[in-house]
Amino acid sequence: MLFLAAIAGLLIGSFLNVVIARVPAGRSLWSPGSACPACGAGIAWHDNIPILSFVALRGRCRACGTPIPWRYPIVEAVTAALFAAAWLTFGPTLHGVVAAVLLAALVAITVIDLERQIIPDVISLPGIVAGVLANLATGRVPWIDSVLGAVFGGAVFIVIMLAGSWWAGQQAMGGGDMKLAAMLGAFLGWKVLFLTIFLSAVGGGILSAILMTVGVRGRKDPIPFGPFLAAGGAIGLFWGERMVQWYLSGFAGS
Ligand SMILES: [Zn+2]
């Protein structure tokens, strides 16, 4: 079953690669079929098998030889690993399915934000509704905690955006981060959301400091925050409830 969960992750990861390539451009996910962006040659099913085809083709288009980005096998492998982890953690439950859906959305959002510095509304806005409905169905998070999570997630980032434009005269965070935080709040509830925002702020701060020290990034270069929120959300999904309990019990025991 663990193997099947990983296979499902590979297939969904392959679909996420289509989402990542087409959704920001406003193109249809379903037609036309997959084609090489360089030469336009259609991609046969046997050249479209997750990871295996990339290896068999040595990372190049069969027709024109243009390199296929590493993003494709990486997204497939990461999604497979996350689905396997969701299976091990949550088992054959409805919450396990919800976890897989949230993780898939976070993978797509992370890569799109890294590549284009945007978080598509067509993922985050339905995600807010989906998070509340999922918790109504599973009872994992009380519905009021889920709704409060969505409201707090949006509100925290509205405050950060207003403070940023008032203090620095420039927008530190985008509206996409606000809607992603609201979506994570809806899925995880407000308690785990605050942990998620704390973890992503610390992680983002540390990595930004390292990148600026090394000189990869200047002070003015924007570093997208969405991937940090997404990573914090994944940590919150797997370990958030235990971490919040541990915190509320005064760090006692484990
Ligand atoms: Zn080609």
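Colleague: Where does Ile 51 lie?

Modeller: This is a predicted model. Ile 51 has a positive phi of about 60 degrees although it is not a glycine, and its relative accessible area of 27% makes it partly exposed. Its place in the chain is the loop between H1 and H2.

Colleague: Which peptide bond is cis, and what is its omega?

Modeller: Most peptide bonds are trans. Pro 32, found in the loop between H1 and H2, is one partner of a cis bond. The bond joins Ser 31 and Pro 32, and omega is about 0 degrees.

Colleague: Is Arg 58 buried or exposed?

Modeller: Arg 58 is placed in the loop between H2 and H3. Its phi is near 50 degrees, a positive value in a residue other than glycine. Exposed means over 50% relative accessible area, and at 74% Arg 58 counts as exposed.

Colleague: What is the volume of the largest cavity?

Modeller: A probe the size of a water molecule, rolled over the atoms, shows where empty space is left. The count comes to 1 cavity of 30 Å³ or more. The volume of the largest cavity is about 60 Å³.

Colleague: Which helix gives the largest share of the lining of the largest cavity?

Modeller: The lining includes His 95, Val 98, Ala 99 and Leu 102, and also Phe 187 and Leu 188. The elements that give two or more residues to it are helix H4 (94-116), helix H5 (121-138) and helix H7 (175-214). The largest share, 4 residues, comes from H4.

Colleague: How many nonpolar residues does the lining of the largest cavity have?

Modeller: Among the lining residues are Asn 135, Thr 138, Arg 140, Val 141 and Leu 237. By class, the lining has 3 polar residues and 1 charged residue. The nonpolar residues number 8.

Colleague: Which backbone oxygen does the side chain of Ser 146 reach?

Modeller: Ser 146 is placed in helix H6 (residues 143-167). At 0% relative accessibility, Ser 146 counts as buried. Its side chain makes a 2.6 Å approach to the backbone oxygen of Ala 186.

Colleague: How far apart in space are Val 192 and Gly 233, C-alpha to C-alpha?

Modeller: Val 192 is in helix H7 and counts as buried, at 5% relative accessibility. Gly 233 is 41 residues from Val 192 in sequence. In space, C-alpha to C-alpha, the two are separated by 8.5 Å.

Colleague: What distance separates the C-alpha atoms of Gly 26 and Val 122?

Modeller: Gly 26 is found in the loop between H1 and H2, and at 67% relative accessibility it counts as exposed. Along the chain, Gly 26 and Val 122 are 96 residues apart. Their C-alpha atoms are separated by 9.8 Å.

Colleague: What distance separates the C-alpha atoms of Asn 48 and Ala 104?

Modeller: Asn 48 lies in the loop between H1 and H2 and counts as partly exposed, at 36% relative accessibility. Asn 48 and Ala 104 are 56 residues apart along the chain. The separation of their C-alpha atoms is 19 Å.

Methods. Residues numbered from 1 in each chain as written. Predicted model: local features only at pLDDT ≥ 70, side-chain atom pairs only at ≥ 80, totals over all residues. Heavy atoms only, no water. 1 Å grid on protein atoms, 1.4 Å probe; cavity = no way out; pocket = protein on both sides within 12 Å on 5 of 7 lines; lining within 4 Å. Points joined across faces, edges and corners; volume = space filled by probe spheres on them. Nonpolar A, V, L, I, M, F, W, Y, C, P; charged D, E, K, R; others polar. Buried < 20%, exposed > 50% of the residue type's maximum accessible area, 1.4 Å probe, protein only. Polar contact = N/O pair within 3.5 Å; in protein donor to acceptor, adjacent residues only side chain to side chain.
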